[in-house]
Amino acid sequence: MNPFTLVRLPTLDAARERVSAEPQRRTFRAGGIDLLDRMKEGLDAPDELIELHAIAGEHGARMRGIAATEDGGWRIGALVTLGQLAGYDDLPPAYGAIKDAAGNAATPSIRNGATVGGNLLQRPRCWYFRHSDLLCLKKGGYECLAVSGDNRFNAILGGGPSFIVHPSSLGSAVVALDAKVTIAGESGLRTIPADQLFAPPTVDPTREHTLAPGEVLVSVDLPPALPGQRSAYHFAKEKQSQDWPLAEASVRCTVEGGVIQDLRVALGHVAPIPWRSKEAEDVLEGAAPSAEVFAKAAQAALSVAEPLEGNAYKVPLAQGVLRYALHFATSTPLPA
Amino acid sequence: MADRSALTRRGLFRGIGSATVVASCTRTHPGTATNTPSTDAALSPGEIGPSPSRLSFELNGKAVQVDVEPRTTLLDALRVDLDTTGTKKVCDRGACSACTVLVDGVQRNSCMMLAHDVEGRTVTTVEGLADDGHLTVLQRKFVEHDALQCGFCTSGMLMSCSALLQRTAGRGSALSKEEVQDAIKGNLCRCGTYPHVIAAVLDASKERA
């Protein structure tokens, strides 16, 4: 790992200005899990790490806390660890998807350091990107090496020109829960819908998010829960421990008068961004919950899939994961 | 520093290190894990490095000071600079949890932390579990249940399971198998001793209950 200076500045503005001045050689550090991983691999070699954990005062409190907001929603600070979020009992069950996503990411020890903001903004896990000797599209090369390479873990939806899958396990949950994110930039704080945080590779294949250099993710803002809101998160992994999911699904809905309403469906680890499935939502909105309609919705969600040579298995896998999530969200018994 | 009469590879490296153990304090047991969001825990302002800088923290009940570069991981500081080699380096990427330690009672991968992250904090390694040579209940149960083969994952397993026992200490009932499985989900054992580890932890939790 290259030598560097740890810089601890007490205000968000000072930290932001420090990075904005020279973003090529300075970077923010929160939990530092993905950052340290990339630095050990030689993918990144910043001269200065600006520690977000040093931010004090009002901004620091907001970034480190979980709190109910005046409008009836909840705000989760970007520096809250995945372990803290997963174990936060006061968060109403209506938001269960994000707690479950946090509690199933990585390992217990990693979750005690990894932060909510870092999970949303980490770089992709594609092995061509992570290999320091390879120059892929994400690193300024001219092609996505997964297209003709071993692409068993790559995108089946929304791929091209890069075929990474978005690495965040919170991603599908924040999209399904209709969350917003608050970002600190040059002109102060601004709040945008969470799905606008994620950038498809058609916009810029070298980046996965829309933050400008020097901008800081401050919090994830959950809207007030709808009356009777339920949510669920489900995933499939190759093994039970330390592993990135092969497919994930997050669902938010209400069930009123025997029909499903207010539905939002998002899939994770199948596309370069957390993938909202309008196709599934269209099938389910206004339908009575049943195993049959869930299977139909899952089929619709993956009907637009375009698998690569080695990852067609992810299509039925993602369908199954989504069906589970729909059963859990609506408390519909699983088929025998 | 511990005496070691024979010249060993480790002893040689230790000799040229820059670690100092400051006057030993009374031995403290690892604190209760406080892993709830804390809104008033900002790091002190300042700049550290890139050259070696003084770091002070409490290691296994003793105040220690060491000069390390910011890029030194906590794992390397523990093993190379402070000679606490019970903490093992395996993947060095947070994937195996062999390097698990407790920081203020919370289990962490020391390979994915910088040494300077623990300034002013309390670190417990596997060396800090036994009290004056007396093994903890958990350690005794590991021996009784033969919960290790090659032993390389063992210190990490012990730390993850100690953290589990500590955070459920007030409960007064035995742990479930699922709870133990969840606690060691990050700890890889290539020998496959998981069933014996789980049996040892369950037994330790019964003794406590």
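**Ground rules.** I call a residue buried under 20% relative accessible area, exposed over 50%, and partly exposed in between, using a 1.4 Å probe and protein chains only. What I have is a predicted model, where local features need pLDDT of at least 70, side-chain atom pairs count only at pLDDT 80 or more, and totals for chains, interfaces and linings use all residues. Residues are numbered from 1 along each chain as its sequence is written, chains are lettered from A and ligands numbered from 1 in the order in which they are written, and side-chain values use heavy atoms, with hydrogens and water left out.

**Entry 1: where the chains meet.** I started with contacts, meaning heavy atoms within 4.5 Å. I find 38 residues of chain A in contact with 40 residues of chain B. Next I looked up the buried area, which is the accessible area (1.4 Å probe) that two parts lose on being put together, summed over both. Between chain A and chain B that comes to about 3,400 Å², and carbon and sulfur atoms give 55% of it. Which residues of chain A lose the most area to chain B? They are Arg8(A), Lys40(A) and Ser109(A), together 20% of what that side buries.

**Entry 2: polar pairs across the interface.** I counted polar contacts here: pairs of N or O atoms within 3.5 Å, where, within protein, one must be able to donate a hydrogen and the other to accept it, and residues adjacent in sequence count only if both atoms are side-chain atoms. Between chain A and chain B there are 12 residue pairs of this kind, both residues at pLDDT 80 or more.

Then I asked which elements supply the chain A side. My helices (H or I, at least four residues) and strands (E, at least two) are DSSP runs, numbered from the N terminus. Strand S1 (5-8), helix H2 (33-41), helix H3 (57-64), helix H4 (82-86) and helix H6 (108-111) of chain A each give two or more residues to the side that touches chain B. H2(A) has the largest share, five residues. I also sorted that side of chain A by type: 16 nonpolar, 14 polar and eight charged. For this, Ala, Val, Leu, Ile, Met, Phe, Trp, Tyr, Cys and Pro are nonpolar, Asp, Glu, Lys and Arg are charged, and the others, Gly among them, are polar.

**Entry 3: salt bridges between the chains.** My rule for a salt bridge is a side-chain nitrogen of Lys or Arg within 4 Å of a carboxyl oxygen of Asp or Glu. Five of them cross the interface of chain A and chain B. In one, Lys40(A) pairs with Asp92(B), with the closest N and O atoms 3.0 Å apart. Both also sit in a network of salt bridges whose members include Asp37(A), Arg130(A) and Arg93(B).

**Entry 4: strands across the interface.** I say two strands pair if DSSP finds at least two bridges between them. S1(A) runs antiparallel to strand S2 (residues 46-48) of chain B, joined by three bridges. Arg8(A) stands opposite Gly46(B) there.

**Entry 5: a sheet in chain A.** I followed an open, antiparallel sheet of four strands, in the order S9-S10-S11-S12 (chain A). S9 and strand S12 (275-276) of chain A are at the edges with a single partner strand each, so one side of each has no neighbour in the sheet. Is strand S10 (residues 247-256) of chain A mostly covered or uncovered? Mostly covered, with eight of its 10 residues buried. Seven bridges join S10(A) to strand S9 (residues 230-236) of chain A, and eight join S10(A) to strand S11 (residues 259-268) of chain A. Val251(A) has Ala232(A) opposite it and Val265(A) as its bridge partner in S11(A). S10(A) and S11(A) make a hairpin with two residues between them, and Gly257(A) in the turn has a positive phi of about 60°.

Entry 6: Glu281(A) meets Arg276(A) at 2.9 Å, N to O; Glu281(A) is buried at 6% relative accessibility, while Arg276(A) is partly exposed at 26%. In chain B, Asp76(B) and Lys89(B) form a salt bridge at 3.0 Å, N to O. The two are 13 residues apart, with Asp76(B) in helix H2 (residues 74-81) of chain B and Lys89(B) in the loop between H2 and strand S5 (100-103) of chain B. Asp76(B) is partly exposed at 22%, and Lys89(B) is partly exposed at 35%.
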